Amino acid sequence: MSTSSDRYQQSPQIYRFKLCQNQEDFAHISILIYNIRTLQELKQRIIAEYGLTSSRIRLLKYSEPTQRWLSLPDSDQNLEIRYLNIANNDYISYIELKNRQYAYVNSLSNGHYYPRGTTSIIERKAPVTSTQTLKLFETPNLNAKHYFLDDLLFQTTTIKLIKQKAAEQIQIPYINQKTNLFVYDDKNTKWTKYDHILDDCTLEELDIKNCTAISIKIDKDIADDDGDNGVTAADRHKKVKRELGICGLKNMGSTCYMNSALQCLNSIPQLIKFYETLEDDHADDHPVSDVYSKLIKRMWSESDQSSCITPRQLKAVVDKIAPVFSDHRPKDSHEFINFFLHALQQEQPVLINKLFYGQISSTVTCLDCKSKESRQELISFLPLPIENKTQIQIHYIQYNGKEEQLSLELSVKYRTTVLDLIKCFIHKYVPNLNKNQIKPVRLNEDQISSEYKLTNYLTTLYDNRIALFQLPSIDEEEEHMLCLFVNYSTQCQFRPPVYLIKPKYNCRSSDLREQLNSIIQHLKTTINDENMKYEVSWTTIDRQRQNLNINDNDNQILSTIRAVTISLKQSYVEIYKSKQTKVATIMQSKYLTLEKLLGNFFLEDILDGKYYCSECRQMTQGKQKSDLCRPLPTIFIIQLKRFPYDKYSNEKIDTFIEYPIENLNLYDYLIKTDEIVINDDDSQSSRYNLISISNHYGKTLSSGHYITYAKNYQTQRWYSFNDDYSREIASDKQTLITQDAYILIYMKQNADYKT
Ligand SMILES: [Zn+2]
C-alpha cells in the first residue's frame, strides 16, 4: 500500500537541460533526463545517449552571472544531482576524456581563442617524443638531477604547456613570465632558452624535433649561474633584421582570425603599393583606408624593425563600423576578409573592384521550351562546397561463396548508422534484396569477430572495418546456419564463412546438397581444378564433427546439426588464397582536388525545385549552369566551405584538398557564348599562382586557431604568420598544401605590379 506522499517521493525527478559538447553552446540539444539520481548515473546516461566511445567524461555547467563554464565536482561520483543546483534549461557541457589523446590547454592565459571557459581541448598530432625518453633536468645542466617527463609532447604542444607540465612534475608551485624553458640540442650540445614571448608557439612552429632533455628555470636564478651558456631563441629571432612586410600581428584576445586575414591580404602587391603611398589627408572621409594604410606603412617600413605590431587602431575602426566583430568571441577569417574588402571598396571603389571583383553568370535553361535566362552577380570570392563523402570499402560475401570488394560513397555524419550504410549499399548494388538479407559483421582473419547492430554508429565502428554477408531468404520453418572453410592440416579458416538455409527441425543432407554443391563449385572454379578434393563434415550440437556425404543418395539425418565445415588440403588453400579478392575494408582517407571542386561548382545541374519560365508562362523544370565572366579579377579568392552547419552536423569537413601552387587555370570555367569570340589571350589571363593561405586548426569555427602562409612579393619566399610570430617556411607542396587550408588567395600570372 502506498500513500500519495510515498508516490510523490518515488516519482522520478526530471531534468531538462541543454547539452553541449566541448562548451560550444550553438550545437546544444535539449535532453530530458529522468530516473537519475547521482552524477555518475547522469554521466553514464549521457555516454549511452550519445554513443560516446570514451567511458569517462567531465561535465561543466554554464554560469550566466560569471559567463564562465564551471566544472561540476568530479571527485564524488555518488553525489546526488539535486545538490548540484542545476535548473531547467541550464547549459551543461560534456568533455570526453581519452587517455593520452588530448592536450588540455588553459585558454584564459593565452591569446588564442579556444572555447570560452576554463579548459579546452586541442587534438594532438603525432607525438614528437616517446614516454620515458624525455629527461627533465632540475637545472639546464646535464649533470643535474633529472626525472622523466610523464607526458608525451606533440607537434602541437605549446612551450607554455611544456613549462606547466615540467613545473608540475618538479613541484614548482607556479610558472610566470620569468619562467624559461631550456631544450637541449643533441647535435650542437647546447641548451636553447625559450622565454615567455614564445609561450604560445608550438614545437612544430619552433622546429623542435626529437628533443631528449629539457629543463625549466626562473630568470633570476640564471644571473647567479656562471656556467650557463643558454641562448635566447627569441633574442636570436629578433636580432635578425626583419625583411620588409614580414611582421607579426599581436593577438588582442580572440583576434587571430583578423590577423590571419590581414596577413593574407599582405601578400597582394597591388594592395600594398597603393596603401603604402596613400596620403593621410581627409582621413575622416575614408577611415578604414586610413588605418589600413597606417598599418601597411608600419609593416613595410624600412626603419621600424619591430617583429610584431598590435593592429589596435584598425580593430577599433572595424569594431565601430561592424559591431559584430567587437565582442571577443571567435570569428571567421573569411567573413573578415569579405567585410574588410567591402569596407575598402566603399572608399576606394576603382582599385578594389579592379583587383577583387569578378562576375558570375548564372543561366537557367527551361527543360520544356529550351529558352535560357541569365543573370549576372558580382563576386569577390568563390565559395566552394566540399562534398562531405567518405569512400567506404565493403567486403561483400554472398551465400554462394563469392566475395567482392565494393566501394560506397557515403556522407558519414555523427549519427550515421550501420543501417544507413546497408540501405545505401542495397540501393547501389543489390536492389532486389531487403535489409534483413544483409548481415553486418566485423571480420578478423576470416572469422566473424563481432556482429554489428543496425543502430551502431558508423563513426564508432572498431577500426572502421565492415563486412556484409548476404543471407539466403528463409521462411518460418527455416533458419540460417554457418558453413566454414578450413585448411585441413592447420584447421584454420582460410576464407570468410557463408550462411546456409536449414529446416529448423529434422534437417537432412538433401536439404543442404544443392547449396553445398554450388559453394564447392565456386571453390573449384576459383582454384581452376574440377577434380579438387575436399571433405565435408557437420558439427553436432555437442560439437562432435562427423562426416557428411552430400553426394550420397542415402539421405543422412542431421537433426542435431549446428554448422557445416568444408576442408581443403594446404596446396588448394594456397591457390585459393592467391586468387581471393584482397581484403582491404578500411575507410579510405578523404581526398579531393581543387579542380574537382571547381568542376562540380560549374557543372550544369537540374534545379531542385521548379522555377517560373517566362516563355512557358508557368512553373517548369529547369537546369542551371554558372560560368565565370570576362575579365577575370586580378586576385581570385577561394573559400573552401569546411563548415557547412546543416541541421545534422556542425562538424568541420576535414577532407584533404590538393590545390595547385602554380598554374591554376580557370579557362574551362569561363563563359562560352556565340557572341564573344574566344581569343588566345584568355588562356594566358586565366592562369593564376597561389600567394596566400589561411589555415584553420580545430574542429569548429568557434574553437580554433588561424595561421597564415603567405608569399612575400619582394623576397618571393613563403612565410608562416602565427599572430605575433613569423618565420620562413619551405615553398614546396608538402609544406604549402595543408589539410587545414580554408581560404586560398590566387593572383593572375600576368598581373603587372612592378610599376
Ligand atoms: Zn519554358
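What spacing do the donors of the zinc ion follow along the chain? They follow the spacing C-x2-C-x243-C-x2-C. The legends below describe a predicted model, in which local features need pLDDT of at least 70, side-chain atom pairs count only at pLDDT 80 or more, and totals for chains, interfaces and linings use all residues. Residues are numbered from 1 along each chain as its sequence is written, and side-chain values use heavy atoms, with hydrogens and water left out.

View 1. The protein donors of the zinc ion are Cys366 (SG), Cys369 (SG), Cys613 (SG) and Cys616 (SG), at 2.2 to 2.4 Å from the ion. Donors are N, O and S atoms within 2.8 Å of the metal (3.2 Å for Na, K and Ca); water is not among the atoms, so sites may look incomplete. The angles subtended by the four donor atoms are 105 to 114°, which makes the arrangement tetrahedral. Four donors count as tetrahedral if all angles lie between 85 and 135 degrees; four count as square planar and six as octahedral if opposite donors are over 155 degrees apart and all others between 65 and 115, and anything else is irregular. For reference, the ideal angle at a metal with four tetrahedral donors is 109.5 degrees.

**View 2. Cys366 and Cys616 at the zinc ion.** Cys366 and Cys616 are both protein donors of the zinc ion. This pair links distant parts of the chain, 250 residues apart: Cys366 lies in strand E16 (residues 358-366), and Cys616 in the loop between strand E31 (611-613) and strand E32 (618-620). Helices (H or I, at least four residues) and strands (E, at least two) are DSSP runs, numbered from the N terminus. Cys366 is buried, at a relative accessible area of 0%, whereas Cys616 is partly exposed, at 24%. Buried means under 20% relative accessible area, exposed over 50%, and partly exposed in between (1.4 Å probe, protein chains only).

**View 3. The open sheet that contains E16.** Four strands form an open sheet in the order E17-E16-E33-E30, with antiparallel pairing. Strand E17 (372-379) and strand E30 (605-606) stand at the edges with a single partner strand each, so one side of each is left without a neighbour in the sheet. E16 and strand E33 (residues 622-628) run antiparallel and are joined by seven bridges; Val364 stands opposite Gln624 in E33. Two strands pair if DSSP finds at least two bridges between them.

**View 4. Helix H12 and its two sides.** The 12 residues of helix H12 (residues 418-429) should span 16 Å at 1.5 Å a residue, and the end C-alpha atoms are 16 Å apart, which agrees. The expected span of a helix is 1.5 Å times one less than its number of residues. Val418, Leu419, Leu421, Ile422, Phe425 and Ile426 of H12 are buried. These residues cover an arc of only 155° around the axis, which puts them on the same side of H12; the arc is that of the directions from the helix axis to the C-beta atoms. The face of H12 turned away from the buried side carries the exposed residues His427 and Lys428.

View 5. All five residues of strand E39 (residues 718-722) are buried. Trp718, Ser720 and Asn722 lie on one side, and Tyr719 and Phe721 on the other. Strand E38 (residues 705-711) runs antiparallel to E39, with four bridges joining them, and Lys711 stands opposite Trp718. E38 and E39 form a hairpin with six residues between them, and Gln716 in the turn has a positive phi of about 60°. E39 also pairs with strand E40 (residues 725-729) in the antiparallel sense over five bridges, where Ile729 is the bridge partner of Trp718. The hairpin of E39 and E40 has two residues between the strands, and Asp723 in the turn has a positive phi of about 50°.

View 6. Six of the seven residues of strand E34 (residues 635-641) are buried, so E34 is largely enclosed by the rest of the structure. Strand E18 (residues 382-385) runs parallel to E34 and is joined to it by four bridges, with Pro385 opposite Lys641. E34 and strand E41 (residues 741-748) pair in the antiparallel sense over five bridges; Ile743 in E41 is the bridge partner of Gln639.
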